[in-house]
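Here is a short note for a student who is reading this model for the first time. Please keep the structure open while going through the points.

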Amino acid sequence: MEIPYEVTPRRDTGLYNAKLGVWLFLASEVMLFGGLFSAYVFLRLGVQDGVDNPWPWGVSVHKSFVWLGAINTVVLIASSVGVVFAWVSLKERNWRRYQIWMYFVVACAVVFMCLKMVEYNSKLNHHHGVKLIDNSVMEGVILDKTDQVRFDGEKITFSLQAALPAVLKDLDSKEFPAFTVTDGPEGAVGTELKTAAAFRSWFHDNRRAFSQALAEDRKRYRGEIASGVANPKPVSVKGTATVTASAPFALHGSPRKIVGHNETSLNYRDGVKVEGKLVADHVVFEVHEVDMQLVLPQKQRESVVWNVINDDAAKQSFFTQQTQKYQEMLAYYEKRGEVVPEKMLRGRFLNVHYIHVAADGHAEKDKHASVHTSEPVLTAGSIGGEGEHGPSRHLEIPRDQIKFMGNHGPRYGNYYAIYFTMTALHGLHVIGGALVLLFFVVFGKKLYLKNPEHLANRVEVGGLFWHFVDLIWIFLFPIMYLL
Amino acid sequence: MAEATHDYSKTKKTYAKVGIALGVFTCITVALGLFPPLDVGPPGPTPGDFVIGLAVATTKASLVALIFMHLNHERGLIYKLLLFTCLFAFGLLVLTIFADMDPIVEQYDTFESTGGWLTNDRPR
Amino acid sequence: MSSAAEHTHAETHGEGDHHEHYEPFWKKYIFSTDHKVIGLQYGFTSLVFLAFGFFLMMVMRWSIAYPDRAVPLLADWPWFQAWLDDGGKVTGDLYNMFGAMHGTIMVFLGIVPLAFGAFGNYVTPLQIGAPDMAFPRLNMASYWLYLLGGALMFVSFFLPSGAAKAGWTNYSPLATTTDLHYGDLFWTGQTQWLVGMALLITSSLLGAVNFICTIINLRCRGMTWMRLPFFVWAMLVTGFLLLLAFPPLEVAAIMQLMDRLAGTSFFVPTGLNVSGMSFDAAGGGSPLLYQHLFWFLAHPEVYVLILPALAIVAEIIPCNTRKPLWGYKTMVYAVMVLGFLAFIVWAHHMYITGMGPAISTFFQTTTVLISVPSVILITSLLISMWGGSIRFNVPMLFATAFIPMFGIGGLTGLPLAFSLPDLHLHDTYYVIGHFHYVVAPGTIFGLFAGIYHWFPKITGRMMSTRLGHLHFWPSLIFMNGIFAPMFFQGMAGFHRRAFDGGKAYEQISNQVFAEPNSFMANLAELLHVIPADAPLRMIDLNIVTSGSAWLLAVFQVPFIINLFISVFIGKKVTSDNPWDATTLEWATPTPPPHGNFLVEPVAYRGAYEYSVPGAPRDFSPQFESDPSSVGAAVPGPGETSANPSGSH
């Protein structure tokens with residue numbers, strides 16, 4: 001059985017199947033990226049001044065990586081040119097040149113993805129931010145994974161109804177402490193659990209036993225209700241257990257897994273409670289920039305991070321610049337004879353963005369907003385405490401002063417979220433397209449010898465997809481990196 | 001094996017020219033992005049810069065679509081398909097935003113409720 | 001008929017393909033690329049999911065009707081142990097889970113695959129005279145992605161978190177924050193719902209591309225646009241709805257997945273508090289954005305549910321009234337307008353979100369406009385029956401029942417199209433009644449009609465008429481028994497998510513529906529729903545509804561028996577065209593072999609030429625040339641023109 005119009009176009013529609021199919025597919029892709037672009041516009045226009053995180057300017061986020069984005073654009077354009085030339089080579093029945101162009105295209109895709117990796121790596125691993133409870137923001141690096149809670153645990157209390165406690169995953173990689181069951185179902189107390197495997201099998205056995213006991217007790221309870229017993233004994237099966245370690249074990253709890261903690265206990269998201277002693281609960285942060293966009297100007301001089309900066313001249317200069325910007329803006333609208341838009345009079349539009357902090361703790365010169373000073377600008381040491389290390393840009397921040405922190409990954413704000421989502425989805429398209437094109441060149445010879453027109457059609461169809469991927473990037477580059 | 005019958009040298013020249021044009025437009029995009037011509041107030045683009053930037057991007061996209069994707073001599077069926085697709089995508093964008101911009105009650109303005117900051121306590 | 005199939009195989013294949021006869025079982029029936037086998041796979045899987053979704057609903061109905069009593073039969077099942085309370089009663093968590101999954105399974109895993117995947121796959125290529133779909137392997141991939149997505153959804157019930165619980169709409173931020181306390185976030189029901197949905201969407205996209213491409217490019221000679229059976233038109237429009245409306249939901253699913261797994265805040269507003277604790281996210285997102293993206297799909301999805309069923313009915317009615325389909329062209333244009341308007345009505349699901357008067361006026365207008373093509377379609381079907389001598393066989397019974405049921409569903413939707421009544425009725429049982437009338441007695445009756453109608457073509461045997469009647473009449477009664485009371489309850493203010501059936505809201509639930517000793521109250525008393533001389537309260541209707549639901553389940557048994565038994569012992573058909581129908585699928589051998597047609601089919605006329613004056617029989621099939629003008633107008637290959645080049 002043969003499907004008609006696989007190679008030759010149908011007369012009345014003028015299209016062969018695959019071409020029609022790929023255009024239909026591209027139409028759905030238009031809707032896919034259309035939905036994402038809609039989300040981008042919706043989220044960006046929906047930012048409420050003074051409430052939500054301000055939408056950053058692409059250039060100020062990417063800094064030197066703007067050039068990587070530009071290079072990537074050129075790379076993709078070159079690959080698009082490569083695809084059309086490969087297609088022409090096939091039409092001219094020149095297999096050798098076809099091969100060269102196709103490998104060129106695939107090489108372009110590899111270069112594109114490598115540059116993307118460099119970008120992602122920098123954002124995910126080398127840039128962090130901390131938002132304090134008064135909404136001032138510090139950009140820099142969290143040192144030594146100090147965003148994790150450091151804790152010495154002794155006792156773990158967990159439910160036998162739930163899954164294996166998540167805390168075990170934090171333990172597995174380290175020396176497993178020998179546990180003794182100190183509380184739990186009858187018969188289990190006193191059991192010694194020396195290895196992770198022993199713990200696991202003990203847990204599963206007891207979970208099964210618990211659910212069986214519960215089932216039986218509930219059956220009894222329902223039976224008593226059904227037979228009309230006046231005060232049926234309520235169901236009670238012990239469903240929790242506690243294990244105690246022979247020696248304290250060190251825990252580095254990820255903040256995403258822990259919902260609350262104090263000096264003596266740590267509550268995991270899955271309901272498991274660890275008792276012991278809190279070792280350290282502050283974040284060591286290397287400050288690169290101080291950002292007060294979200295702090296109302298009349299409150300800026302009371303903000304925590306402002307007090308950390310001990311350079312009065314720098315502060316004065318900051319406000320001078322802010323006032324100057326305000327005057328410039330007024331002058332701009334006066335010259336044009338327009339009323340100043342209300343939103344320009346408030347929130348982030350009047351704030352000078354950043355104070356940059358140099359490696360030696362000095363304010364750094366910046367193109368747009370700078371504090372010119374030769375004095376150290378940061379008080380050494382910790383927020384709300386005495387300094388220990390002398391002038392540097394390292395700060396110790398107590399956790400209760402922090403509203404939100406993290407790397408510049410998707411979590412960091414809606415700009416980052418949509419940036420990562422869209423570029424990653426685009427990256428997946430690049431990988432998929434490159435694999436298909438690679439397939440056409442590596443395994444295409446047989447088809448070429450049999451029916452070169454069929455291969456040309458395939459390359460045309462694959463090329464259509466590839467151009468579409470290029471087309472998406474043409475829009476992504478300005479809106480994510482520049483505007 | 002069927003031999004090529006068509007002369008593609010002219011087509012190849014067009015493709016090369018379009019490739020170069022796209023490169024030039026990329027430079028323009030970068031320049032416009034780094035130094036937004038209509039910059040007011042804080043550093044960064046204004047709506048006018050957006051229009052310019054997206055206009056350049058649209059030009060580039062049209063070049064790719066028309067020349068590389070052969071839309072300049074495609075079948076009517078494809079045009080109709082793309083027309084409706086773009087219409088629906090546009091509807092999704094515009095109606096969604098319009099629905100958000102037209103609330104039945106004024107949204108509670110947190111900024112105003114804090115008293116605004118352009119009061120006597122203006123930054124010095 | 002199997003000998004005919006063998007015969008075809010030998011004829012349509014070259015000698016080189018001869019080894020295909022010995023295809024192993026797994027290749028022929030499991031990893032098959034034949035559109036008919038894939039259609040049957042879709043059909044079988046979706047029927048299983050429909051039954052499963054029905055089961056979930058029956059458990060929910062118990063909780064609504066008897067919130068104080070233990071669930072019968074199920075309380076000792078190990079899985080239910082974890083979700084029922086000590087006394088064996090349904091918990092809120094279980095109700096939420098079953099409610100969310102009932103909707104999801106019925107819509108995405110049951111009806112769409114049955115209507116579009118099964119019927120579309122089996123019938124469309126046959127009706128346009130194509131040997132197969134345009135991309136057979138894509139077709140197979142589409143089925144397997146669907147199965148994988150369905151399997152993930154099913155497996156999620158057995159995860160520690162249970163399946164998704166945030167409603168079939170999965171609104172953020174509820175869906176984003178549900179089950180976040182589980183250690184492994186990926187393996188929670190809420191996350192698996194999103195992953196499963198992404199797979200289902202991909203499957204639908206592949207299917208839609210394939211269908212549209214097949215219909216546009218693989219029509220046989222002479223099959224012009226206006227000779228296409230209405231079913232094919234409906235499939236084309238449905239394909240476009242799936243193709244263009246599904247991607248925004250995929251966007252929403254990806255973004256919600258990011259919210260759950262990567263901690264982004266696309267749909268999480270600033271300052272969100274969950275259980276009294278500040279939610280750990282950057283904020284700045286918009287829950288409304290999710291609703292827009294969701295309903296941009298979910299409204300067209302309604303037409304994806306209804307159009308195939310309507311089109312099946314449009315095939316069956318002319319065949320059994322022996323009259324042409326009335327207003328064929330009008331119906332075609334109506335279905336196209338319907339498809340277009342379906343994309344710009346979605347926010348009528350969101351009046352309660354605080355949209356302003358300007359934008360809600362727009363959506364009210366488009367919503368009312370879309371009722372025009374719907375009414376054209378249903379009226380044309382009605383007029384098609386006017387004055388015919390109707391053959392009331394089982395498919396025709398279901399097809400005729402479809403029309404008033406769909407009509408009730410459609411007309412009760414009108415109050416919901418206007419924002420003012422919608423504010424009162426939103427999320428009440430009125431809404432449930434409305435869309436279930438469209439989908440359950442509407443679409444499902446249409447699909448039953450299709451199964452009874454095409455069963456002889458698929459198996460070569462007829463389904464039992466007696467069992468068919470035993471299936472139809474009780475189904476009709478109990479469908480109405482389920483959904484009619486919902487309108488009254490909804491207008492009284494019953495909320496759809498109350499797992500105790502509204503018992504906690506005394507003022508609403510104690511409203512009197514019928515005075516003591518009135519006809520309805522006496523009837524209810526007779527059925528032991530209420531004690532003697534008591535008024536029939538709104539809350540008592542819960543029992544009527546639930547009882548009807550369980551009885552409906554009982555009367556699906558004849559159908560299941562009929563379906564399986566008839567394959568082996570049903571009456572054998574005596575011709576390839578047992579209903580004396582006109583469309584091309586009846587030109588194939590029974591059952592159709594791989595490759596479908598013995599000789600290349602040609603369409604000589606429109607799809608519904610019944611009782612043509614002067615014709616020898618009361619039907620003139622598309623595939624038979626006019627005896628008076630043999631060989632006069634045979635179009636050339638790739639031609640669809642009615643007057644092909646070269647003739648005259």
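Predicted model: local features only at pLDDT ≥ 70, side-chain atom pairs only at ≥ 80, totals over all residues.

1. From H3(A) come A:Ala70, A:Thr73, A:Val74, A:Ile77, A:Val81, A:Val84, A:Phe85 and A:Val88. They meet residues of H1(B), namely B:Thr11, B:Lys12, B:Tyr15, B:Gly19, B:Leu22, B:Gly23, B:Thr26 and B:Val30. Sorted by class, the contact has ten nonpolar residues, five polar ones and one charged one.

2. Chain B is split into two domains: domain 1 spans 11–69 and domain 2 spans 75–102. The centres of these two domains, taken over C-alpha atoms, are 23 Å from each other.

3. Chain A has 483 residues, of which 43% are buried. Its secondary structure consists of twelve helices and 14 strands. Of the contacts in chain A with a separation of 6 or more, 70% are between residues 24 or more positions apart.

4. Chain A also touches chain C: 52 residues of chain A are in contact with 53 residues of chain C. On the chain A side, the elements that give two or more residues are helix H1 (17–45), helix H6 (196–226) and helix H10 (414–442). H1(A) contributes the most, with 14 residues. By class, this side of chain A holds 29 nonpolar, twelve polar and eleven charged residues.

5. In chain C, look at helix H16, residues 429–459. Where does H16(C) bend? The bend is at C:His436 and amounts to about 40 degrees. Is H16(C) largely enclosed or exposed? Of its 31 residues, 27 are buried, so H16(C) is largely enclosed by the rest of the structure. Just after the helix comes C:Gly460, which takes a positive phi of about 85 degrees.

Terms used: Residues numbered from 1 in each chain as written. Chains lettered and ligands numbered in written order. Contact = placed C-beta atoms within 7 Å. Helix = DSSP H or I, 4+ residues; strand = E, 2+ residues; numbered from the N terminus. Nonpolar A, V, L, I, M, F, W, Y, C, P; charged D, E, K, R; others polar. Domains from an automatic or database assignment. Bend = angle between axes of the 7 residues up to and from the residue. Buried ≥ 20, exposed ≤ 12 C-beta atoms within 10 Å, placed from the backbone.
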